[in-house]
Amino acid sequence: MKYLIPVLFLLSLILTNCKSTTNDTSQATHPPAGQTRFHSALLTYADHEAILSSLASVQQFKKLRARTLQQSPPVIRLKEGDVRQDWFFAQAVALNNKEFVQQCFLPKTKEPLLNMMTEIRRPTAKEVRLNQLSGDLILVEMYNFYYNTVVHGWVDIHTKKIIKVVGSPGKLPNITKEMEDLAKEIAMAYPQVKKELDVGQEWPKDMEIVVRNSKSERYRHFYAAVTMTPKDSQHTLWVLVDLTELKAVGYQWTSLWNPKRPQLVTERSLQNEVVFENYCKDTVQLNQGKWVVNYKLTNSDGIEIFDVKYNGKPVLNSAKLVDWHVSYPDKKDFGYSDAMGCPKFSSAAVVAFEPPDIQPIMKGGVRIGFSFVQDFRSPVWPKSCNYRYQNRYEFYADGRFRIAGVNLGLGCSNNGWYRPVFRIDMADEGGQQVEVWQNKHWEKWTQEKWHLQEKKARFSPQGYLVRLTNPDGSGYYLEPSRGQFGDGGRGDHAYTYVTVKHPDLDEGVSDMSTVGPCCNTNFEQGPEKYLQPAEPLDGHQVIWYVPQMKNSDQPGKQYCWVENRVVDGHEGFVTYNGVVGPMLVPFASAK
Amino acid sequence: MSSKKQHRQGKLKNKRQKAEKSKTKNRVLLALVGLLVLVFGLGIKGFWAGQKGVNQHTSKTQSTKHPVVVGQADACAKNPAFPLKYGLHPPYFIDLRQLDGPGLRIIEAKKGGKVLQLDSWKKEGTLGPYTLDKNGVIYTAPIPFVNLLGRPPLSYNRILKVDAATGEMSELMHLPHAQKPTEEQPYGVVGMTYDCSNHSLYVSSLAGSTGESEVGRIYHIDLKSKKILHQLDGFDALGLGVFTMKSGKKLYMGSARSPEIFSIDLDDDGGFVGQPVFEFSLAALEGGSYDNAHRIRFLRGNVLKIKGIEFSFSLMAASDPQRNIYLFDYDDQGDKWVFREAHPQ
């Protein structure tokens with residue numbers, strides 16, 4: 001009995017120990033789905049220029065970059081004080097080695113590409129072993145901004161010669177003290193970041209700020225993550241900084257850094273999180289001028305606009321782009337039915353990376369409307385067989401609106417055909433009469449039909465193809481693109497299908513995974529299945545609109561194409577947008 | 001303290017020392033009792049740990065009745081015989097990249113090597129994971145790719161087999177799903193690995209998982225009876241691989257939701273013991289990315305090779321995805337994996 005108390009004490013200690021051990025283990029076990037989500041945002045449309053224009057470090061780096069691109073080789077060097085004095089010679093040795101500086105110029109045009117020395121140090125034993133080297137060695141590291149590649153030069157300290165050069169595409173470079181400071185200053189300059197941290201004019205001295213590497217999987221830039229932890233906070237704000245384009249990309253709150261189970265924020269994880277959480281789950285309403293537009297990023301039909309009102313009056317129930325049919329006639333049955341949609345949990349392969357972009361449409365210095373554009377990309381566009389598309393909607397102050405699709409290349413070859421499938425459901429509560437301009441007059445359609453804009457297609461004198469008339473005599477014309485919209489478009493050459501709206505059938509009201517195959521070159525693009533057998537029109541119909549365009553890489557005639565360019569020494573692009581889609585033009589009642 | 005001083009103090013405290021001896025006896029007894037309690041306590045703890053993560057059809061403890069042989073569990077897997085009939089000579093590639101159209105292809109691993117694709121292989125459309133067994137049978141599964149045209153979400157939770165002698169492809173079995181797959185998340189079977197010791201497959205299925213609920217499953221399937229022997233619920237895994245460590249046999253799983261690798265202990269019957277345990281994050285490794293472990297393979301010489309890709313429960317794009325390779329070496333002394341390097345494929 002006299003041991004009972006110590007035994008019980010020991011037992012309780014052991015049980016307590018068991019409990020705490022179990023807790024420790026649970027931290028390292030699999031977390032449940034739907035775990036706490038932290039606030040995140042992208043700064044895609046922030047006014048970077050204005051925010052950073054007063055930042056001396058950014059301006060100085062831009063000047064340094066410009067000076068470097070005039071040098072040969074175009075490499076930002078490390079300064080003497082940055083490196084141990086007896087290793088500093090290795091920089092000159094590396095820069096005099098042809099293999100080390102091989103990627104400093106674009107092979108085709110000899111344009112200078114921006115490079116930066118990022119480190120000179122002793123290699124680790126593991127690095128020496130993996131590279132099967134021996135001797136007294138110094139490792140020189142350089143980052144190539146254009147190819148997003150780290151180049152390692154192995155310098156023998158005694159012979160002062162390079163014995164090996166290794167290029168590692170996609171590898172993260174060391175962040176030098178200068179770049180670390182630059183990243184911090186950029187991150188701290190954004191009012192959005194200050195607001196997140198509740199910081200006024202002065203940054204609190206006790207805020208922990210650490211710069212870490214982060215990865216840019218999609219744009220393939222040099223990224224740094226500036227992590228900021230307010231004193232006594234259990235959370236850290238990650239601000240991703242693009243050191244290639246010198247701007248902040250976005251931010252996300254996370255739990256505190258746990259070295260045992262690190263949670264990282266990278267370009268891809270941040271983009272997916274922000275777009276999915278903010279645009280895929282809920283409807284967003286846009287109020288601009290006389291327009292009210294509801295929109296949502298869909299599973300596989302791009303960004304759908306719905307319940308659109310002009311001046312308080314419903315004009316459009318829904319518009320969306322359900323498929324892009326891509327075919328290559330020189331390769332039989334080769335192509336893809338691409339769907340655009342959410343970056344996570346979707347049946348789309350070409351997904352949204354960024355939020356929609358809303359811009360004013362100006363004419364003669366006067367704002368006449370606004371555009372609403374959602375961009376979608378394959379993971380590593382513009383590499384071969386990667387695609388980039390856009391939903392483009394335009395809303396004008398006079399009541400016109402346009403439903404367009406944009407193709408920005410690249411695809412699998414220069415012989416590609418693109419056929420986007422639009423589904424347009426006009427607001428027709430009172431019933432709408434459908435007329436099509438044929439044989440020089442408006443011909444009333446009484447049953448479901450399709451129509452092709454042939455090469456020599458005829459339109460009404462105003463350029464319209466379809467007239468949709470409400471019972472009160474007002475309505476909308478559908479004006480196909482003939483290249484008249486000033487956006488580089490070369491005409492729609494579209495198939496137009498008019499099908500009866502069946503309230504009891506879905507027929508594309510909800511998300512359509514894929515409406516048709518890739519490679520049909522005739523009217524069989526998918527919507528034809530809704531007009532077999534042809535039914536009489538009852539005033540409530542859906543318009544399916546399938547324009548056709550062919551890409552081109554011919555100099556001066558590029559279309560649906562993209563080409564690489566050197567911009568400030570890094571990789572940039574010039575796109576030759578293929579734009580298709582009709583304008584809907586309102587008309588008033590003759591009464 | 002000097003030795004003389006020690007001696008004097010020793011004399012003075014002689015009586016006290018006798019009393020101390022008696023106390024020491026008591027302490028030893030107490031320590032023994034404590035040790036017994038500790039052993040008992042650890043037993044309880046082990047029992048709790050075993051119970052905590054027990055899933056449906058899982059085992060309670062990891063048995064150690066057989067001597068441990070460190071190494072990969074699929075070492076007995078061999079190539080099928082049928083490619084020889086079609087004039088192909090090993091070594092082969094099993095190509096499921098879908099670069100030249102859907103379906104399985106077997107390619108001679110040499111420059112200008114012959115390519116074999118039987119008609120029955122095209123019918124099943126795009127395929128994802130594969131593994132081989134000791135007889136040369138290929139197991140694979142259909143996956144959605146670019147779009148769902150002609151293949152609704154319900155058609156992806158199946159295992160297919162390719163006969164080792166004839167090359168004919170047929171369905172091995174349909175797997176049950178926790179929730180009905182939808183167009184928003186059509187994936188079914190996405191990962192598989194073979195275990196020689198009991199001629200069985202481990203198969204991961206994402207069927208029914210959504211952004212809000214993780215209901216993926218890992219099935220342990222007896223290939224002879226086509227029966228599900230064990231299943232682990234509530235885990236969305238892509239790549240799978242089995243390896244026997246000094247400390248026991250483990251199933252390694254690449255999370256479909258994060259760039260993390262988990263493991264779970266296996267008992268002698270291949271049943272799951274306890275809960276999945278976090279091993280490491282691909283994103284946190286030097287040169288790593290926010291990749292999901294798409295394939296987990298153990299190579300000769302006890303090397304762990306992980307193929308990482310972007311996976312976000314949306315469909316694979318038409319182009320060849322960016323893949324990164326992560327290599328690890330088994331540290332025999334520490335009974336753990338040591339990261340070697342990461343590089344693009």
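How much accessible surface does chain B have, and what percentage of it belongs to carbon and sulfur atoms? Select chain B and display its surface: the accessible area comes to about 16000 Å², of which 54% belongs to carbon and sulfur atoms, as found by the Shrake-Rupley method with a 1.4 Å probe, where for residues only the protein chains shown count as cover.

Before going further, note that this is a predicted model, in which local features need pLDDT of at least 70 and side-chain atom pairs count only at pLDDT 80 or more, while totals for chains, interfaces and linings use all residues. Residues are numbered from 1 along each chain as its sequence is written, chains are lettered from A and ligands numbered from 1 in the order in which they are written, and side-chain values use heavy atoms, with hydrogens and water left out.

Colour chain B by pLDDT, the predictor's confidence in each residue from 0 to 100; the mean for this chain is 82, and 79% of its residues reach 70 or more. Then select residues 1-60 of chain B, where the pLDDT is below 50.

Now turn to the salt bridges, each a side-chain nitrogen of Lys or Arg within 4 Å of a carboxyl oxygen of Asp or Glu; over all chains the count comes to 38.

Select D195(B) and K249(B), whose side chains meet in a salt bridge at 2.7 Å, N to O. Because D195(B) lies in strand β9 (residues 189-195) and K249(B) in strand β14 (residues 248-255) of chain B, the pair ties together parts that are 54 residues apart in sequence. Both D195(B) and K249(B) are buried.

Move on to E286(B) and K171(A), which form a salt bridge with their closest N and O atoms 3.6 Å apart. E286(B) is in the loop between β16 (272-281) and β17 (292-299) of chain B, and K171(A) is in the loop between β6 (161-169) and α6 (177-189) of chain A, so this pair joins two chains. E286(B) is exposed, with a relative accessible area of 55%, whereas K171(A) is partly exposed, at 22%.

Finally, select R218(A), R268(A), D291(B) and E310(B) together, for these residues are linked in a network of salt bridges.

Notes:
Helix = DSSP H or I, 4+ residues; strand = E, 2+ residues; numbered from the N terminus. Buried < 20%, exposed > 50% of the residue type's maximum accessible area, 1.4 Å probe, protein only. Contact = heavy atoms within 4.5 Å.
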